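Opening the notebook on this one.

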Amino acid sequence: MNIDHQLLHVSEKLVKMLDETADNCLPKEIANVVKTHSKLAVGSAWIPVPGADVAAGAAVIWGMYVRINNKLGIPFGENIMKSIGSGVATNLASYLAMTGVASAIKIIPGIGSLGGAILMSASLYAVTLAAGWIYLQALCTLAEKKGNAFNASDITQAVNDILRQKSVIKDFINEAKKTYKK
């Protein structure tokens, strides 16, 4: 199953469970939020300042969660979303290792900035797609169990449960990297 299909499938499932079917475009809009932010993450890879690029990538993921919540009408505050975002980023850190190396390479003027940006692009794209997919999966799990009656700690727990599925996440990220190359 390709990445676009996986994102749309989980978005449709989530919308159905949350009974938000009034807008037929909503599942596609949610999937598009994830894809748009993945592209924005690639843009952050081209920031030439080491460290600023990684921070911008993290901000893109956090912003993605906020936009998903806004589309679904989930009223969580900024601090809770940052907490969930940092939890996902921490758990995806092994996949971001190349991003840190690529950011450090940018210290070398000229060729380092270009090489670092190229190396970072696919990793940030794939990790952002995976972070969105993980978040949507967590929301689906909660909607199945609790309907609309879940809180921030429920989301954190659901995200952590999904992050334990390391082989599924690894496969998703590898497929996302292939998608980026296309």
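This is a predicted model: local features need pLDDT of at least 70, side-chain atom pairs count only at pLDDT 80 or more; totals for chains, interfaces and linings use all residues.

**Contacts and overall layout**

I started with contacts: of those in the chain with a separation of 6 or more, 72% are between residues 24 or more positions apart.

Next I looked up the secondary structure and got 8 helices and 0 strands. Reading from the N terminus, the order is α-α-α-α-α-α-α-α. I also checked burial: 43% of the 182 residues in the chain are buried.

**Helix 3 against helix 6**

How far apart are the axes of helix 3 and helix 6, and at what angle do they pack? I get an angle of about 30° and axes 11 Å apart. Angles under 35 degrees count as roughly parallel, so helix 3 is roughly parallel to helix 6. I noted the crossing of the two as right-handed.

Helix 3 brings D53, V54, V60, I61, M64, Y65, I68, N69 and L72. On the helix 6 side I find M120, V127, T128, A131, G132, Y135, L136 and L139.

**Ring pairs**

How many aromatic pairs are there? My count comes to 2 aromatic pairs. Y65 and Y135 make a tilted one, with 4.6 Å centre to centre and 45° between the planes. Y65 sits in helix 3 (residues 52-72) and Y135 in helix 6 (residues 111-146), so this pair links distant parts of the chain, 70 residues apart. Both tyrosines also turn up in my contact list for helix 3 and helix 6.

Buried or exposed, I wondered about Y65? Y65 has 0% relative accessibility and counts as buried, because buried means under 20%. Y135 is buried too, with a relative accessible area of 0%.

W133 and F172 form a stacked pair: 4.9 Å centre to centre, 20° between the planes. W133 lies in helix 6 and F172 in helix 8 (residues 166-181), so the pair ties together parts 39 residues apart in sequence. I looked up burial here as well, and W133 and F172 are both buried.

**Helix 7**

Last, I checked the length of helix 7 (residues 152-163), which has 12 residues. From its first C-alpha to its last, helix 7 reaches 16 Å, close to the 16 Å expected at 1.5 Å a residue. Which residues of helix 7 are buried? I wrote down A152, D154, I155, A158, V159, I162 and L163.

Definitions and conventions: Residues are numbered from 1 along each chain as its sequence is written. Side-chain values use heavy atoms; hydrogens and water are left out. Helices (H or I, at least four residues) and strands (E, at least two) are DSSP runs, numbered from the N terminus. The expected span of a helix is 1.5 Å times one less than its number of residues. Buried means under 20% relative accessible area, exposed over 50%, partly exposed in between (1.4 Å probe, protein chains only). Rings of Phe, Tyr and Trp (its six-membered ring) pair if their centres lie within 6.5 Å; planes under 30 degrees apart count as stacked, over 60 as edge-to-face and the rest as tilted. Axes are lines fitted to C-alpha atoms, for helices over the stretch in contact, and angles run from 0 to 180 degrees between N-to-C directions. Angles under 35 degrees count as roughly parallel, over 145 as roughly antiparallel, 65 to 115 as roughly perpendicular and the rest as oblique. A crossing is left-handed if the near helix is turned anticlockwise from the far one by less than a right angle, and right-handed if clockwise. Contact means heavy atoms within 4.5 Å.
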